[in-house]
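Subject: Handover of the model, with notes

Dear colleague,

Please find the structure below, followed by my notes on what was found in it. I would be grateful if you could read them with the model open beside you.

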Amino acid sequence: MKPFIIHKKGKTAKFFLQDCVQGMRENLQPNSVSVVITSPPYNLGIKYSKYDDTISREKYLAWMREWAGVIKNVLAEDGSLFLNLGSKPTDPHVPFRVLQVLEQEFVLQNTIHWIKAISIDKENVGNYPNILDDVSVGHYKPINSPRFLNDNHEYVFHLTKRGDVKLDRLAIGVPYQDKSNVLRWQGKRDLHCRGNIWFIPYETIKSRDRDRPHPATFPVQLAEMCIKLHGVPRAQLVLDPFLGIGQSALAALKLQKNFVGFEIDRAYFDEAVKRVRALH
Ligand SMILES: C[S@@+](CC[C@H](N)C(=O)[O-])C[C@H]1O[C@@H](n2cnc3c(N)ncnc32)[C@H](O)[C@@H]1O
């Protein structure tokens, strides 16, 4: 099958309207991919327009295993797989079941918590000059239930072949609050590792159909941070086997990286093409 090719910022994005397992086998060379950023269907009954998200758990996990094996073959020895997974309160174990399957092929090197919304009580913060009051920031889908809390986070499992991939932690570093720390550390840059809690809110949108026509996307910024953490200079080719509306493609091209993606749904595929074409 021929890909749809878009050239942007001197780099190339190739999109295949095809099943990813077959597509990766047919179109990708072994050890050719530096970074995979992806969010497979979660098997939680999400209403996609084509994919059936309600297959049996057994079948789903067998499919995850098959998919992981193909990824292992195309990923470079020092490559990174960033696997985004969410759950729902009535079925909270999905991310861990998938992780167990993936760990048959990969080593879990880092666990990142993608925080979509957070509330901070002023009294817990103390004397920070920039936080003047209690704050609540971000967006989430409210859960109307007397027994469950709103679900404001998802996982990003960072998986590698041997668990020893060197990362560029300062590429997504944050400034020290206490500037006396800057002098204490070698290099004396006002930047330190932000840790594994990443607050990345969804963009505020006016119309779901027009602005985010897909039931389960991650923010472009999440994918950008993963590529930066892996190391922009070392990232040659970025892959997303479950392209959706192309958030990972946008991230790769913004950082001037070649990209390849697979999607089985024509409507999401077309939307990904449209969004990447519109990238400045
Ligand atoms: C969780 S969504 C990914 C959303 C994407 N990360 C984004 O932000 O737009 C999973 C996507 O995988 C697609 N999909 C399901 N099975 C597939 C397969 N076998 N090969 C390729 N894509 C598939 C679905 O149509 C859906 O768009």
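A word on exposure comes first: a residue is called buried under 20% relative accessible area, exposed over 50%, and partly exposed in between, with a 1.4 Å probe and protein chains only. This is a predicted model, in which local features need pLDDT of at least 70 and side-chain atom pairs count only at pLDDT 80 or more, while totals for chains, interfaces and linings use all residues. Residues are numbered from 1 along each chain as its sequence is written, and side-chain values use heavy atoms, with hydrogens and water left out. Helices (H or I, at least four residues) and strands (E, at least two) are DSSP runs, numbered from the N terminus.

Residues with a positive phi

Lysine 9, which sits in the loop between strand S1 (4-8) and S2, has a phi near 50°, a positive value in a residue other than glycine. With a relative accessible area of 37%, lysine 9 is partly exposed. Most residues other than glycine have a negative phi. Glutamine 256 also has a positive phi, of about 55°, although it is not a glycine; glutamine 256 belongs to the loop between H8 and S11 and, at 44% relative accessibility, counts as partly exposed. Leucine 255 is placed in the loop between H8 and S11, but counts as buried because its relative accessibility is 15%.

Strand S11 and its partners

Strand S11 (residues 258-263) is largely enclosed by the rest of the structure, because 5 of its 6 residues are buried. Two strands are taken to pair if DSSP finds at least two bridges between them. On that basis, strand S2 (residues 11-17) pairs with S11 in the parallel sense over 5 bridges, and alanine 13 stands opposite phenylalanine 259 in S11. Strand S10 (residues 237-240) also runs parallel to S11, joined by 4 bridges, with leucine 237 opposite asparagine 258 in S11. S10, helix H8 (residues 247-254) and S11 together make a right-handed β-α-β unit, where right-handed says that, with the strands pointing away from the viewer, the path from the first strand over the helix to the second runs clockwise.

Strand S8 and its partners

Strand S8 (residues 153-160) is mostly covered, with 7 of its 8 residues buried. Strand S4 (residues 75-85) runs antiparallel to S8 and is joined to it by 5 bridges, and asparagine 84 stands opposite valine 156 in S8. Strand S5 (residues 107-115) is likewise antiparallel to S8, with 8 bridges, and here leucine 108 faces leucine 159 in S8.

Two pockets

Pockets were found on a 1 Å grid over the protein atoms alone: a pocket is an open set of points where a 1.4 Å probe fits, with protein on both sides within 12 Å along at least five of seven lines, and lining residues have an atom within 4 Å of a point. Grid points are joined across faces, edges and corners, and a volume is the space filled by probe spheres set on the points. The largest pocket has a volume of about 760 Å³. Of the 28 residues that line the largest pocket, those closest to its centre are Lys116, Lys141, Glu154, Tyr202 and Pro215. Its lining divides into 12 nonpolar, 8 polar and 8 charged residues, where Ala, Val, Leu, Ile, Met, Phe, Trp, Tyr, Cys and Pro count as nonpolar, Asp, Glu, Lys and Arg as charged, and the others, Gly among them, as polar.

The second largest pocket has a volume of about 440 Å³. It is lined by 17 residues, of which Ile118, Ile120, Ile131, Gln177 and Phe199 are the closest to its centre. Strand S6 (117-120), strand S7 (135-138) and strand S9 (197-199) each supply at least two residues of this lining, and S9 gives the largest share, 3 residues. The lining of the second largest pocket divides into 13 nonpolar, 3 polar and 1 charged.

A buried serine

Serine 34 lies in strand S3 (residues 33-38) and counts as buried at 7% relative accessibility. Its side chain reaches the backbone nitrogen of glutamine 236 at 2.7 Å.

With kind regards

Key
Polar contact = N/O pair within 3.5 Å; in protein donor to acceptor, adjacent residues only side chain to side chain.
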